[in-house]
Amino acid sequence: MRFLVPALTCASLLLAACGGNSSGSFANTSADARPPSVTPPATTPDVTPDVSTPTANRAANCTAFAPDAFVTRNELASGQRVANAALMLRFLHYTDDHIIDDEGQTVNGLGVSDPINPLFESAQRLQEEYSDEVLNNMIGRSNDCLKDFPASFMIVTGDSADLTTLSETRRFIDNLDGTFDQLSAFEKSCVANFPAGTPAFITQQACTRFTGRGVPDSQSPDPDIADPSFQFTLTRTLRQIVNQLAAQLGRDVTGATDPTRQTLTQAPGLPQVLRCSEGDEGCENSALKTPWYVAFGNHDGYLRGTVPVGIGINEASFLTTGRRHIVQPKEFIQEFFETSSLPVGHGFNMVDAARRDDNDKRNDGYYAFTSGNFRMIVLSTVIDGTDPRLPTDLIRNPFALADGTVDRSQFEWMKAELDKAYKAKQLVMVFSHHPDLAFAEFGMFAAAVPLDLTAAELDAELASYPNVVAWLAGHTHIHRVRPFVVTATEDGALTGSNGEINTPVVCKKPGVAADGLPHCRGFWQVETASLIDFPQEQRLIEVFDNGNGTGTLRGPVLTHSFERSRVLAEADDRCQFYLLDPNSLQKLSSDGGLDAVCSFGMTRQGTALDRNVELMFRLPRF
């Protein structure tokens, strides 16, 4: 056992570099992927609502919307949203918020590995100092929108935290609850394990210092985006590590030191500006004004989103800084029951009771709930099963890295949920962290990952139900909207395709509809960009019944107004140079400009077809 911790730590050094906000399959997720037979639709102005419709039932028009023109897409159904369309559902889609303990990267984040290759890029971002402020600003902007256009709920499709630490998870919950320093489930359980009368300083060291409670996040000086040393990832990493270390030791932005500030041994809570509760005089903190739900992301269950180590990491951290506790999936779930907003548990309370009470700690991350006439199916696409070729389950599928999948037992559960929703004549929305093209079969080490299920099988099952409207996801940090189109061949067989995946489909309702086409038309695949990377945007989702057999899924992009972070995020996305990127080396030598060595080239915002969209679909006749 004495050799286990160093061995696992070394394994972490090798694997953590692969844990980015984009998986090894990013190259397979082109924003331009479209079914080859589809003609891109024309840009159309937003439909003017009927003035007789109550405001809450009109198509939302909020100041937080991105200014892009709305685009109607007709790959699944013709027409457009009508002026008097009936609102069926409205909700917020957040994803990849990545609340980050930026000063923890050099220990648990292993950010020093980031300069190596753009496929591994994830940390030492220029804007990471402001992940809390950006999320809180987005919450405030969403609330302004909800005043006139109330939503049924908000759902976060994963990566609420970044380094998978307890303090990041608590900061995420505090942001959405509009408060700070709420007691954690970890601390409650930890203190309960000590005998009565244990001195407070012992329980503080053993239980409280990991949570961030009582300790404000320190402030490092903002990077200078005009300084080339911040544009090249290697020198940027070194400079940010020095700045973060100085902040940990107590220096604030003025250069002053204060021993009561964050130290090397205490995890950080919310930054000072947010250390207040909504309603306090001058408080900038605000709670989201609608119920909210959570899905699992790879950064919520693995160290830095890639290293599924069950033991050794926390032991090593305790011996080094002693300030960070990496949460396992079960611990992550438990934290959402310590909240001041609804529902308590934020979706995990909906997990089947028998499954929550069994001995398997890794199968509690998926659930379903009903909103109006919709059944919401929330999947856990984090690969947390064991690799049968390994002699221990302490390391789980190490070659999957940040990629996703769904295991067979969850797939069978999902099939049962789809069947129940169809029999109940409910429309279905599916949510997960990974989209299909970020599943492990498309990953860097696909051949080395044993999988129960392919993305094609999952797509085919969803497409076999005419009441499945959309599958919403995140993970890729880009806006991307694709139709999974079902068409009939000459012999009447059905096939589904999104341009990358092609698979046979068997419709649960045989025959054809009144227009002579199959009842199963396919569904929309909607990916929303992250709040940590440029363009730092999320979405509002609305579903309308047009009264003519068609529906419209409307997905305007939501923007924040915390400009201090936006400027840094845009610079971060535009100018990064990687040591092992041949394209960067070639472009640098031939073009001689920093703009030529961009990692993502400002493509995360997607095309006009991926942003403010109105997606037509065929309403089912059960």
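Buried means under 20% relative accessible area, exposed over 50%, and partly exposed in between (1.4 Å probe, protein chains only). All views show a predicted model, in which local features need pLDDT of at least 70, side-chain atom pairs count only at pLDDT 80 or more, and totals for chains, interfaces and linings use all residues. Residues are numbered from 1 along each chain as its sequence is written, and side-chain values use heavy atoms, with hydrogens and water left out.

**View 1. The disulfide of C276 and C283.** The sulfur atoms lie 2.0 Å apart (a disulfide is a pair of cysteine sulfur atoms within 2.5 Å). The link is right-handed, with 85° about the S-S bond. C283 counts as buried at 19% relative accessibility. C276 is buried too, at 12%.

View 2. The structure holds four disulfides. C62 and C145 are joined with an S to S distance of 1.9 Å. Their link is right-handed, at 50° about the S-S bond. This pair ties C62, in the loop between α1 (4-15) and β1 (71-73), to C145 in helix α3 (residues 131-148), 83 residues apart. (Helices, H or I of at least four residues, and strands, E of at least two, are DSSP runs numbered from the N terminus.) C190 and C207 have an S to S distance of 2.0 Å. Their torsion is about -70°, so this disulfide is left-handed. C190 sits in helix α5 (residues 185-192) and C207 in helix α6 (residues 200-208), 17 residues apart.

**View 3. The aromatic pair of F439 and W471.** A search of the whole structure finds 22 aromatic pairs. (Rings of Phe, Tyr and Trp, the last by its six-membered ring, pair if their centres lie within 6.5 Å; planes under 30 degrees apart count as stacked, over 60 as edge-to-face and the rest as tilted.) The ring centres of F439 and W471 are 6.3 Å apart with planes at 75°, so the pair is edge-to-face. F439 lies in the loop between β7 (427-431) and α13 (455-463), and W471 in strand β8 (residues 468-473), 32 residues apart. F439 is buried, at 0% relative accessible area. W471 is buried at 2%.

**View 4. The surroundings of H519.** H519 is in the loop between β11 (502-505) and β12 (522-527). At 17% relative accessibility, H519 is buried. Residues up to four places away in sequence aside, H519 touches P466, C507, K509, P510, G511, V512 and A513 (contact means heavy atoms within 4.5 Å). A polar atom of the H519 side chain lies 3.2 Å from the backbone oxygen of V512.

Key. A polar contact is a pair of N or O atoms within 3.5 Å; within protein, one must be able to donate a hydrogen and the other to accept it, and residues adjacent in sequence count only if both atoms are side-chain atoms.
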